[in-house]
Amino acid sequence: MELKMIGIILMLELVVVSWAYQQCNIICDDHVPTPTVGNPIRGKAGPKGQKGASAEACECPPLANLRAEMTRMRTELTNKVSELEEKVRFSWTVKLVPGANEIASRCGLLQNVDTITDDAFTASSVHSSGYYAHYGRLNGERGHGWTVLRDDRNVNQWIQVDLGQDTKITGIVTQGCRSSKDRTTSYILLYRTAESDDFLPVVEGSGNSVVFAANTVQGSIVGYQLPYPISARWWRINPRTWNHWPTLRFDLYTC
């Protein structure tokens, strides 16, 4: 339905622009054909009227402008179609990804320290020096992973990463603590674009926030394909349930 409406609107714009150009040419055309049928008889001249004001020059926009506008509209329609087709391909529903760790090794963004530096990671709370936010990288071997202060074990805590610019993300993968059974068992994923001041949750086609079932089994690595690709700069994980502590390590898919 959305795709059909976009096509109708853009086609109407093309018709209106083309019609306006034709009307402009008609109005600006100063050639008036002289009658050739019959032998007109000139009647008595009437009183001479006053001279009218000079008309301003009439000029239509060049045809190239119309073509450029039509090209712009076609490009806009093509981009919209591609965007909607990609959303349809992802079906607006979260999908569990088999082989999550292998995919992360190919498409993961956060495991490369040179690409995403430690200072890109921040958190609402940090338990201690062994649980810094930047220890929250998937398969990280520094520290134990990220977790919160003892008194901050509630659903208002988060860890986030700044990718530096809007980056298209297609999925997420998580694992628990490196040295204990502490792990996050469900979470909400939020994002914020470079031009926005607000974080938005990832939602399904129903419009409800997705609650990702995470690491219910110790040592597991659980990945998901997002309902649709999202381009954003900041990504935030908000743990909702956990085993003992909301500890986690994570990565984001780009393919």
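This is a predicted model: local features need pLDDT of at least 70, side-chain atom pairs count only at pLDDT 80 or more; totals for chains, interfaces and linings use all residues.

Student: How many salt bridges does the count come to?
Tutor: A pair counts when a side-chain nitrogen of Lys or Arg is within 4 Å of a carboxyl oxygen of Asp or Glu. By this rule, the number of salt bridges is four.

Student: Glu102 and Arg106 meet in a salt bridge, so which helix do both lie in?
Tutor: Their side chains meet with N to O at 2.8 Å. Glu102 is partly exposed at 43% relative accessible area, and Arg106 is exposed at 54%. The two are four residues apart, about one turn, and both belong to residues 100–107, helix α3.

Student: Is Arg137 buried or exposed?
Tutor: Arg137 forms a salt bridge with Asp118, with the closest N and O atoms 2.9 Å apart. That pair links distant parts of the chain: Asp118 is in the loop between α3 and β2, Arg137 in the loop between β2 and β3. Asp118 counts as partly exposed at 22% relative accessibility. Arg137 has a relative accessible area of 5%, and the cut-off is under 20%, so Arg137 is buried.

Student: Asp162 forms a salt bridge with Arg233; how many residues apart are they?
Tutor: The closest N and O atoms of Asp162 and Arg233 are 2.7 Å apart. Asp162 sits in strand β3 and Arg233 in strand β7, distant parts of the chain, and their separation in residues is 71.

Student: Which residues do salt bridges with shared partners join into one network?
Tutor: Asp118 already has a salt bridge with Arg137. Through shared partners, the one network consists of Asp118, Arg137 and Arg142.

Conventions. Residues are numbered from 1 along each chain as its sequence is written. Side-chain values use heavy atoms; hydrogens and water are left out. Buried means under 20% relative accessible area, exposed over 50%, partly exposed in between (1.4 Å probe, protein chains only).
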